[in-house]
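Colleague: I am new to this structure. Please take me through its features one at a time.

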Amino acid sequence: MTLSRIWSAFIIVAIIVAAIKCFFFGNTDIFNWMVVGKADDALNPYKADGIIETCWTAVTICLKLIGIMALFMGFMNIAERAGGVRLLSRIIYPFFSKIFPDIPKGHPATGHMMMNFSANLLGLDNAATPFGLKAMDSLQELNPDKSRASNSQIMFLCLHACGPTLIPVSIIAIRASANAANPTDIFIPCMIVTFASTLAAMCIVSFRQKINLFQPVILGWILGISVLITLLVIYLVSLDAAPLQSFSGLLSNGLILLIFLLIIVGAFYKKIDVFDAFIEGAKGGFETAVKIIPYLVGMLVAISMLRTSGTFDVIIDGMKNFFGLFGGDTRFVEGLPTALVRPLSASGARGMMVSTMTAYGADSFAGRLASIMQGSSDSTFYVVAVYFGAVGIKNTRYAIGSMLLADLVGIITSIILAYLFFGSVA
């Protein structure tokens with residue numbers, strides 16, 4: 001019901017704003033841009049696809065996802081048959097049993113979630129999505145009400161949406177292409193922001209689910225992970241931009257190949273029919289990718305209407321005027337478009353980040369703040385549409401509210417860190 005209301009509100013607000021612009025401000029082309037506009041059209045003032053183009057984009061995303069889903073879910077099925085996922089589940093169970101108390105010991109959902117979190121941590125988006133969808137499917141098996149999100153699904157999705165990424169490679173690459181003096185200077189702030197938003201998501205959901213986070217096991221794991229991340233950050237900070245990107249590629253892509261190798265070797269050891277297991281899992285990946293098309297089309301169209309109606313411009317102008325009344329430093333407002341679009345669209349937020357760097361400079365305060373915000377979290381509504389849609393969840397309960405609160409923590413933390421690290425920059 002929450003998702004239905006939000007989706008309906010997006011469409012209603014977008015049409016009302018567009019109608020006001022059309023009939024009161026003479027913007028007679030706005031309905032045309034909303035329906036058939038193209039982002040790459042030089043005359044398009046909003047630089048966003050209209051409804052028709054967005055529908056094609058949604059299907060294209062799913063078509064590209066089919067191959068990736070088939071590959072990774074095929075390998076995941078081999079790992080399950082060989083017992084690798086259950087082994088991973090037993091290793092991580094002491095910690096997960098505290099924040100996911102409804103998951104039985106040794107259940108494969110634990111291993112699937114761990115694979116998803118690990119892929120997110122290393123920036124492996126192509127691997128994180130199939131692992132995450134497999135985790136949602138496993139959690140759905142334990143869900144007594146198949147149309148209503150379970151506590152475990154909500155906790156998992158909130159942590160996934162805020163999951164920290166060690167090296168924001170794409171952001172560093174964009175900053176380098178924009179001729180930033182030091183493209184990696186946003187690396188530490190991005191790490192801190194994602195870690196803060198992840199802890200915020202865990203605290204918010206734990207409060208709703210009455211989970212005590214001050215248990216020794218939880219504190220020990222959080223402290224251990226923090227120490228490991230800190231040590232890795234210390235090493236990565238010592239690298240220049242080129243070695244950093246090289247190390248990132250070696251670590252992330254090398255890990256994918258290592259996982260494939262371990263799965264195949266383990267399957268041979270267990271005498272598993274490897275190719276048959278792969279094909280069975282790949283079929284499931286194909287079916288899942290096709291199943292999410294309606295959910296993705298609906299969500300992306302609503303978001304497109306918000307963008308092409310100029311609703312974001314109205315919000316940003318209003319915020320600039322509001323904060324300007326207090327006479328304080330309002331430089332952060334120039335970086336907020338990225339943060340506002342981020343929960344709705346990853347590509348849209350990336351475009352906002354590039355637009356901010358183009359307008360103010362890659363090394364400006366606004367450009368750096370937009371970069372930090374771009375790396376702060378995943379796209380909340382995209383995640384909700386894809387992950388809940390894949391398992392047929394209609395009642396998302398408090399998942400969206402919790403994720404948006406965690407996003408807010410990420411935004412506030414981003415602003416604080418931007419002033420702390422780059423406050424003296426114009």
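Modeller: We will go through a pocket, a surface patch and some salt bridges.

Modeller: This is a predicted model, where local features need pLDDT of at least 70, side-chain atom pairs count only at pLDDT 80 or more, and totals for chains, interfaces and linings use all residues. Residues are numbered from 1 along each chain as its sequence is written, and side-chain values use heavy atoms, with hydrogens and water left out.

Colleague: How much space lies in the second largest pocket?

Modeller: Rolling a probe the size of a water molecule over the atoms shows where empty space is left. A pocket is an open set of points on a 1 Å grid over the protein atoms alone, where a 1.4 Å probe fits, with protein on both sides within 12 Å along at least five of seven lines; lining residues have an atom within 4 Å of a point. Here the second largest pocket holds about 730 Å³.

Colleague: Which residues lie nearest its centre?

Modeller: Met114, Phe117, Ser118, Leu121 and Ile225 do, out of 24 lining residues. The elements giving two or more residues to this lining are helices H4 (84-99), H5 (108-121), H9 (187-209) and H10 (216-237). H10 gives the largest share, six residues. The lining divides into 21 nonpolar residues, three polar and no charged.

Colleague: Which residues form the nonpolar patch on the surface?

Modeller: Patch residues have over 30% relative accessible area and no salt bridge, and nonpolar side chains (Val, Leu, Ile, Met, Phe, Trp, Tyr) are joined within 5 Å. In this model the patch is Ile12, Ile16, Ile20, Phe23, Phe24, Phe25 and Phe31, with about 810 Å² of accessible area together. Helix H1 (residues 2-24) gives the most, five residues.

Colleague: Is Phe23 buried or exposed?

Modeller: Buried means under 20% relative accessible area, exposed over 50%, and partly exposed in between (1.4 Å probe, protein chains only). Phe23 counts as exposed because its relative accessibility is 64%.

Colleague: How many salt bridges does the structure hold?

Modeller: A salt bridge is a side-chain nitrogen of Lys or Arg within 4 Å of a carboxyl oxygen of Asp or Glu. The structure holds eight. In one of them, Asp276 meets Arg81 at 3.4 Å, N to O. That pair links distant parts of the chain, with Asp276 in helix H12 (residues 274-291) and Arg81 in helix H3, 195 residues apart. Asp276 is partly exposed at 39%, and Arg81 is partly exposed at 34%.

Colleague: Which residues are linked in a network of salt bridges?

Modeller: Arg175, Asp185, Asp363 and Arg368 are.

Technical notes. Grid points are joined across faces, edges and corners, and a volume is the space filled by probe spheres set on the points. Helices (H or I, at least four residues) and strands (E, at least two) are DSSP runs, numbered from the N terminus. Ala, Val, Leu, Ile, Met, Phe, Trp, Tyr, Cys and Pro count as nonpolar, Asp, Glu, Lys and Arg as charged, and the others, Gly among them, as polar. Patches are made of residues with over 30% relative accessible area and no salt bridge: like charges are joined within 9 Å, nonpolar side chains (Val, Leu, Ile, Met, Phe, Trp, Tyr) within 5 Å. Accessible areas come from the Shrake-Rupley method with a 1.4 Å probe; for residues, only the protein chains shown count as cover.
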